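Trainee: I am new to this structure. Can we go through it together, one question at a time?
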Amino acid sequence: MSSLRAVKMMPLGYRILPTSTLPRVVRQFSSTPARSYEYLLTSKPKPGVGQVQLNRPKALNALCTPLISELNEALKQFNSADDVSVIIVTGSEKAFAAGADIKEMAPLTFSEAYTKSFIESWSDLTTQVKKPILAAVSGHALGGGCELAMMCDILYCTETANFGQPEVKLGTIPGAGGSQRLTRAIGKSKAMELILTGKSFSGADAEKWGLAAKAFPSYEALMEGVTKTAETIAGYSKVAIIGAKEVVNKSQDLGLRDGVEYERRVFHSIFGSQDQKIGMKAFAEKRKPEWTHQ
Ligand code: CAA
């Protein structure tokens with residue numbers, strides 16, 4: 001599809017307009033000109049919030065290699081943008097992502113996959129992006145789609161979202177962290193059952209089992225809810241939210257004693273920030289802090 005046709009078909013909220021045509025209040029938060037992507041739509045729906053929407057509707061957002069490289073690039077741009085504090089990753093109402101691209105993977109040989117480190121760059125999201133990433137999942141989140149959602153820092157979904165690790169049905173296993181992240185999130189027995197049977201589970205179950213922070217009754221409620229949470233986070237000091245993300249994620253890798261020690265080191269270092277002084281002084285003076293993000 002031509003990029004012009006793609007723009008015409010986008011819902012208004014997602015159209016990328018020339019910055020000069022935007023109202024002043026929007027321009028203020030759009031300092032970097034939006035780059036256009038083949039498989040993504042990017043926007044800044046609220047001050048401090050960057051949004052990446054996977055946009056490969058014909059293949060239910062299957063995660064082909066070019067889509068993943070665009071995603072990495074968009075995330076890198078938001079990660080370095082001064083006017084963005086938090087990032088939303090979402091798909092469409094019908095599909096967050098239906099997995100890695102099966103047609104691309106089918107002919108791969110072991111030596112190609114191994115020597116080219118197939119799928120390794122998917123982890124850029126977890127290793128390169130310091131700002132919090134919120135996943136908003138509606139529709140299918142299968143295989144790599146489920147894994148991508150689990151790589152994000154907070155997972156929101158609709159109650160009817162369709163999660164699963166169905167790789168076993170294709171004669172393979174999860175390859176982008178599914179066996180590790182799902183197991184840590186919901187426990188070994190349930191994760192093992194889901195991975196060995198390839199059975200799907202709903203967003204309502206994802207919330208009940210603690211994989212999702214919240215499941216919403218509709219797509220509209222999901223997008224409203226995720227944007228509201230992103231806005232709340234973006235209202236705090238960047239130094240604090242990046243530090244908080246770092247220490248929570250460390251809990252996934254370290255034992256309790258090392259994790260607590262790590263947290264304390266980061267906590268101590270934050271006394272060196274301006275915003276720690278600003279936040280605590282504002283509390284004592286009963287006024288709202290004005291963050292410098294320094
Ligand atoms: N890769 C490539 N193309 C895909 C795809 C995928 N993962 N999922 C869907 N598509 C394509 C279909 O081939 C179809 O394309 P055509 O119209 O050209 O035939 C189009 O998207 C629409 O799909 P369906 O017609 O199948 O739509 P549906 O509504 O009947 O079914 C579905 C939806 C249940 C999600 C089904 O498409 C499906 O089962 N998809 C595969 C899900 C899957 O197995 N994911 C795991 C992939 S392996 C993986 O991710 C490994 C890893 O760990 C990294």
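Mentor: We can. Two strands pair if DSSP finds at least two bridges between them. Keep in mind that this is a predicted model.

Trainee: In what order do the four strands of the open sheet lie?
Mentor: The pairing in this sheet is mixed. Strand 4 (95-97) and strand 9 (200-202) are the edge strands, and each pairs on one side only. From one strand to the next, the twist averages 20°. Read across, the order is 4-6-8-9.

Trainee: What is the order of the open sheet of six strands?
Mentor: Here, too, the pairing is mixed. The edges are strand 1 (40-46) and strand 10 (214-216), each pairing on one side only. Direction ignored, neighbouring strands of this sheet are turned by 25° against each other on average. The order is 1-2-3-5-7-10.

Trainee: Which residue in strand 2 is the bridge partner of Ser43?
Mentor: Strand 1 and strand 2 form a hairpin, with one residue between them. Strand 2 spans residues 48-54, runs antiparallel to strand 1 and is joined to strand 1 by five bridges. The bridge partner of Ser43 is Gln51.

Trainee: On to the helices. Are helix 12 and helix 13 roughly parallel or roughly antiparallel to each other?
Mentor: Helix 12 covers residues 238-250 and helix 13 covers residues 256-270. Their axes lie 10 Å apart, and the packing angle is about 170°. Angles over 145 degrees count as roughly antiparallel. Helix 12 and helix 13 are therefore roughly antiparallel.

Trainee: How many residues of that contact are charged?
Mentor: Helix 12 brings Val239, Gly243, Glu246, Val247 and Lys250. Helix 13 brings Tyr262, Glu263, Val266 and Ile270. By class, the contact of helix 12 with helix 13 has five nonpolar residues and one polar, and the charged ones number three.

Trainee: Now the pockets. Which element gives the most to the lining of the largest pocket?
Mentor: The largest pocket holds about 1,100 Å³ of space. Its lining has 34 residues, and the closest to the centre are Met151, Cys152, Asp153, Asn249 and Gln252. Two or more lining residues come from each of helix 6 (124-128), helix 7 (144-151), strand 7 (154-158), helix 8 (178-186) and helix 12. With eight residues, the one that gives the most is helix 12.

Trainee: How many residues of that lining are nonpolar?
Mentor: Sort the lining of the largest pocket by class. Eight residues are polar and eight are charged. The nonpolar ones number 18.

Trainee: Which helices each supply at least two residues of the lining of the largest cavity?
Mentor: A search of the whole structure finds one cavity of 30 Å³ or more. About 40 Å³ of space lies in the largest cavity. Its lining is made of Asn72, Leu75, Lys76, Asp124, Leu125, Gln128 and Val129. The helices that each supply at least two of the lining residues are helix 3 (65-80) and helix 6.

Trainee: And how many residues lining the largest cavity are nonpolar?
Mentor: Take the classes in turn. The lining of the largest cavity has two polar residues and two charged ones. The nonpolar residues number three.

Key
Residues numbered from 1 in each chain as written. Predicted model: local features only at pLDDT ≥ 70, side-chain atom pairs only at ≥ 80, totals over all residues. Heavy atoms only, no water. Axes fitted to C-alpha atoms, helices over the stretch in contact; angles between N-to-C directions. Parallel < 35°, antiparallel > 145°, perpendicular 65-115°, else oblique. Contact = heavy atoms within 4.5 Å. Nonpolar A, V, L, I, M, F, W, Y, C, P; charged D, E, K, R; others polar. 1 Å grid on protein atoms, 1.4 Å probe; cavity = no way out; pocket = protein on both sides within 12 Å on 5 of 7 lines; lining within 4 Å. Points joined across faces, edges and corners; volume = space filled by probe spheres on them.
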